[in-house]
Amino acid sequence: MPRRYWLMKSEPSTFSFEDLSRAPRRTTRWDGVRNFQARNLLRDQVQEGDGVLFYHSSTDPTGVVGTALVLRGAYPDPTQFDPASPYHDPRSKREAPTWVCVDVRYDRPFRRLVTLEEIRATPGLAAMELLRKGNRLSVQPVTKAEWRRVLRLGGIEDTD
């Protein structure tokens, strides 16, 4: 199966790319996704080996700061069952979990931030899901061509 590419958003005040670089084994569980469309992408399409553009949202400026790799495909998000978690969902049942997560590993930092404004202004990126009006999904697909172009803008070479 061909490798897929994703853009995953995180607020750096909550969990940044730098935090991922310092995590044990530079790996974390991408949990807390509570949007059904994003959940469906995680559950049905995101797979081990896929590439991730790590996007800092809700900051000034917003943009892509580096890449990560999916280490493990979808499995039940344990935060949905934890009453102490801000992502707790009392309607979700262990025998039929509502929410899933994936594991991601730090890969490469960009030499420079690729801002949302730069993405908007770059030929060949106009069709990115990120730029669709009203799209606020924390997980969204990226084409291979978009992946390569964003990597070049960030000053790193595509090794695929």
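**Reading a mixed sheet and its cores**

Visitor: Which residue stands opposite Leu 53 in β4?

Guide: Thr 67 does. This is a predicted model, where local features need pLDDT of at least 70 and side-chain atom pairs pLDDT 80 or more, while totals for chains, interfaces and linings use all residues. Residues are numbered from 1 along each chain as its sequence is written, and side-chain values use heavy atoms, without hydrogens or water.

Visitor: How do β3 and β4 pair?

Guide: Strands are DSSP E runs of at least two residues, helices H or I runs of at least four, numbered from the N terminus. Pairing takes at least two DSSP bridges. Here β3 (residues 51–56) and β4 (residues 63–76) run antiparallel over 6 bridges.

Visitor: What is the strand order of the sheet?

Guide: The open, mixed sheet has 6 strands: β2-β5-β4-β3-β1-β6. Neighbouring strands are turned by 40 degrees on average, direction ignored.

Visitor: Which strands does helix α2 touch?

Guide: Contact means heavy atoms within 4.5 Å. Helix α2 (residues 36–44) packs on the sheet, touching β1 (5–10), β4, β5 (100–115) and β6. Leu 42 has contacts beyond four places in sequence, among them Met 8, Ala 74 and Val 139.

Visitor: How many residues has the largest nonpolar core?

Guide: A core joins buried Ala, Val, Leu, Ile, Met, Phe, Trp, Tyr and Cys through side-chain atoms within 4.5 Å; buried is under 20% relative accessible area (1.4 Å probe, protein chains only). The largest has 21 residues; Met 8, Trp 30 and Leu 42 are among those with the most contacts inside it. Its largest share, 4 residues, comes from β5. A second, separate core of 19 residues includes Leu 53 and Phe 110.

Definitions and conventions:
Axes are lines fitted to C-alpha atoms, for helices over the stretch in contact, and angles run from 0 to 180 degrees between N-to-C directions. Buried means under 20% relative accessible area, exposed over 50%, partly exposed in between (1.4 Å probe, protein chains only).
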